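Work through the exercises below with the sequence and the 3D view open. Try each task before reading its solution.

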Amino acid sequence: MTDSVFFPAPTALTISEIAELTGAVPRGATGRIISGVAPLSSAGPQDIAFLESRRYADALAASAAGACFCNARDVPLVPPDTVALETRRPHEAFAMVAAALYPAAMRPQPMLATAGVSPRAEIHATARLEDGCIVEAGAVVGPGAEIGRGSLVSAGAVIGPSVRLGRDCAVGSNAVITNALVGDRVVIHSGTCIGQDGFGYIPGAERHLKIVQIGRVIIQDDVEIGANTTIDRGSIRDTVIGEGTKIDNLVQIAHNVVLGRKCLVAGHVGISGSVTIGDSVMLGGKVGVRDNVTIGRGAVIAASSAVGTDVPEGARWGGIPAHPIKEWLRENQTLRRLTARRGGDGGANDKKEEIPDE
């Protein structure tokens with residue numbers, strides 16, 4: 001089996017060009033050529049790496065990297081054969097260089113390496129496509145749909161009737177978009193489903209009465225949505241995903257949710273119906289949010305937390321149920337102290353309480 005390379009070889013950058021791109025200050029030869037990115041442990045003379053924490057100082061000392069981003073206090077730790085690039089935000093600078101070297105890795109690419117509209121795509125006669133679109137074999141574009149200039153619809157993807165897909169978007173293979181208006185520069189990864197009806201029923205003894213779902217999904221500019229995420233359309237109002245928000249794989253967003261601008265939503269998050277989330281909120285992995293709550297602007301929710309009440313702006317919450325994180329940590333410490341006083345370590349030698357027979 002051959003060793004495949006999935007991304008094109010990058011055009012090399014000099015240290016001087018990297019400094020201009022990132023604003024970092026070089027401490028060494030500015031003419032050195034960099035043509036790759038790598039972790040400190042495996043970087044070679046033409047690779048660039050970064051040091052964000054002194055926990056990895058030993059890896060830096062042993063590294064053969066051609067260059068390394070680091071903050072000012074860590075410049076003396078950089079080996080003499082490695083060019084130090086001083087910056088306040090090493091990881092961010094590294095990401096900027098990686099994106100410049102590997103632009104094809106920043107968004108889904110055509111599966112068939114073709115341009116234009118494939119004759120094997122199913123495009124309704126009333127659909128409207130601007131110049132420069134790529135629609136691959138097996139893709140379906142429904143009646144009245146509109147696709148903006150420079151957008152990609154990958155193999156097997158479905159753009160439903162009357163959907164609006166903006167310019168310079170990328171829709172991964174087998175994604176399905178219905179009942180939605182999508183802005184510019186939106187990235188939707190493979191397997192994502194957007195615009196299906198939400199989970200709305202009035203329970204009853206004889207039957208569960210389905211609630212009509214006639215809203216839309218509005219996705220603003222520069223949003224990225226991970227693979228196999230689902231975003232339900234609204235029932236009688238729209239589901240909205242704010243500008244610049246980034247959503248991980250395997251996230252469920254229910255009907256009527258309003259998710260603010262520049263939010264970060266990690267994998268396995270579940271957001272119930274009619275939740276309102278402010279701008280710049282961060283939800284850790286496996287967070288669950290019950291219906292009809294509000295999470296204020298700038299709040300941070302720790303991973304695996306269950307949010308059942310409104311969260312104030314700027315708050316940091318965690319736990320089940322979620323509450324202020326300092327309280328949660330104190331409670332955990334108290335439980336550990338109580339356990340230690342009883343002499344139990346959770347092991348096989350702990351005394352077991354006898355459970356009486358029923």
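Buried means under 20% relative accessible area, exposed means over 50%, and partly exposed lies in between (1.4 Å probe, protein chains only). This is a predicted model: local features need pLDDT of at least 70, side-chain atom pairs count only at pLDDT 80 or more, and totals for chains, interfaces and linings use all residues. Residues are numbered from 1 along each chain as its sequence is written, and side-chain values use heavy atoms, with hydrogens and water left out.

**Exercise 1. Overall picture**

Task: Describe the protein's fold elements, span and burial.

Solution: 
- Step 1. Take the secondary structure: four helices and 39 strands. Helices (H or I, at least four residues) and strands (E, at least two) are DSSP runs, numbered from the N terminus.
- Step 2. Take the span. The C-alpha trace extends about 75 × 75 × 45 Å along its principal axes.
- Step 3. Take the burial. Of the 358 residues, 40% are buried.

**Exercise 2. Arginine 216 and its partner**

Task: Which side chain meets arginine 216 in a salt bridge?

Solution: 
- Step 1. Apply the cut-off: a side-chain nitrogen of Lys or Arg within 4 Å of a carboxyl oxygen of Asp or Glu.
- Step 2. Find the partner. Aspartate 238 meets arginine 216, at 2.8 Å from N to O.
- Step 3. Arginine 216 sits in the loop between β22 and β23, and aspartate 238 in the loop between β25 (230-231) and β26 (239-241); the pair links distant parts of the chain, 22 residues apart.
- Step 4. Classify them. Arginine 216 has 39% relative accessibility, so it counts as partly exposed. Aspartate 238 is partly exposed too, at 22%.

**Exercise 3. A second pair**

Task: What parts of the chain does the pair of arginine 167 and glutamate 130 tie together?

Solution: 
- Step 1. Check the bridge. The two side chains meet at 2.8 Å, N to O.
- Step 2. Locate the loops. Arginine 167 is between β15 (164-165) and β16 (170-171), and glutamate 130 is between β9 (128-129) and β10 (134-135), so the pair ties together parts 37 residues apart in sequence.
- Step 3. Classify them. Arginine 167 is partly exposed, at 33%. Glutamate 130 is partly exposed, at 32%.

**Exercise 4. Neighbours in sequence**

Task: Is aspartate 74 buried or exposed?

Solution: 
- Step 1. Read the accessibility. Aspartate 74 has 1%, so it counts as buried.
- Step 2. Read its partner. Arginine 73 has 54%, so it counts as exposed.
- Step 3. Check the bridge between them. The closest N and O atoms are 3.7 Å apart.
- Step 4. Count across the whole structure. A search finds 14 salt bridges.

**Exercise 5. Threonine 87**

Task: Which residues does threonine 87 touch, not counting those up to four places away in sequence?

Solution: 
- Step 1. Locate threonine 87: the loop between β7 (83-86) and α3 (90-101).
- Step 2. Classify threonine 87. At 14% relative accessibility, it counts as buried.
- Step 3. List the contacts (heavy atoms within 4.5 Å). Threonine 87 touches Ala24, Phe69, Cys70, Asn71 and Ala93.
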